[in-house]
Amino acid sequence: MRLVTSGTVHGSAQAPSSKSMMQRAVAAAALSSGTTHILNPSFSDDGRASLRIISALGAKVRVEGDTVEITGGGDPTGEPLDCGESGLSIRLFSAIAALHSQELTLLARGSLAKRPMGMIAPTLRDLGARVDSVDGYPPLTISGPIRGGDIVVDGSVSSQFVSGLLMALPCCETDSVLRVHALKSAPYVHMTLQMMEEFGVRAEPNSDLSEIRVRGRQRYEATKVTIEGDWSGSAFLLVAGAIAGRVTVNGLRGDSRQADRAIVDALLLAGANVTMSEDSVTAQYSSLR
């Protein structure tokens, strides 16, 4: 057995880009007219899956260094929407695929192919789409267009499909009221609403997100968006600084909607010294409890 002794850590690092925000930005860009520029993109497996999907949906994608250019408004190519192993992608883009009258198939790979998608079909059918699956599992075959309306969705398992509906419903012909039961992971829905606003589209949620009103016939407008640093991936570095020295993570927004920003509160409660600037966070050892 090799024994590892304790030590100290000092330094700074750049936060990885948020893959959750990347996928939302890619979806909004594909729904937009014109060309969107995404800065600081995430090229994680999930990020690449979202770029594959929008290409099959008819968007034009161009990668130039640390910028992704997306021109939306195209027609689906008829190719399958390959979601890889990205759970967010299959739930987000199932609702967006239902905006099209053309039959589209969403594929899943690895463990995602074994995860039930039972919450998707009933809701999209209530909105006017046709949805087929393999006993509730991927692949999903969907054709629309969905029309909007008053719908109820179960948010107790995942908020990801709620996010997909929120992004799709503004493009419908009629207004919608989305009633969410037992929502899990509310911060991610707030992230979706924030991204929609960056593209000029708005929804009207109540205080606990149990009811969200969405006006139909809205238009996503192309824009320039910078992907935030990922709080989830940065939390480990901040904890290292708090227990064994001093670490600064650059590229983190203090006002982020990401759920794992809560690591700051946890460190402060533990007695760590945490300082925040406009785009960085520093965690330093103090007397911990």
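Hi everyone, let's start with a question: at what angle do helix α1 and helix α3 pack, and how far apart are their axes? Before I answer, a word on the model: it is predicted, with local features needing pLDDT of at least 70 and side-chain atom pairs counting only at pLDDT 80 or more, while totals for chains, interfaces and linings use all residues. Residues are numbered from 1 along each chain as its sequence is written, and side-chain values use heavy atoms, leaving out hydrogens and water.

So, the answer: α1 (residues 19-30) and α3 (residues 87-97) pack at about 20°, with axes 11 Å apart. Axes here are lines fitted to C-alpha atoms, for helices over the stretch in contact, and angles run from 0 to 180 degrees between N-to-C directions. Helices are DSSP runs of H or I, at least four residues, numbered from the N terminus. That angle makes α1 roughly parallel to α3, a label for angles under 35 degrees. On the α1 side, Ser 20, Gln 23, Arg 24 and Ala 27 make the contact, meeting Leu 88, Ser 89, Leu 92, Phe 93 and Ile 96 of α3; contact means heavy atoms within 4.5 Å.

Next, α2 (residues 45-56): its axis and that of α1 come within 9 Å and cross at roughly 10°. That makes α1 roughly parallel to α2. Here Lys 19, Met 22, Gln 23, Val 26 and Ala 30 of α1 touch Asp 46, Gly 47, Ser 50, Leu 51 and Ile 54 of α2.

Note on methods: Helices (H or I, at least four residues) and strands (E, at least two) are DSSP runs, numbered from the N terminus. Angles under 35 degrees count as roughly parallel, over 145 as roughly antiparallel, 65 to 115 as roughly perpendicular and the rest as oblique.
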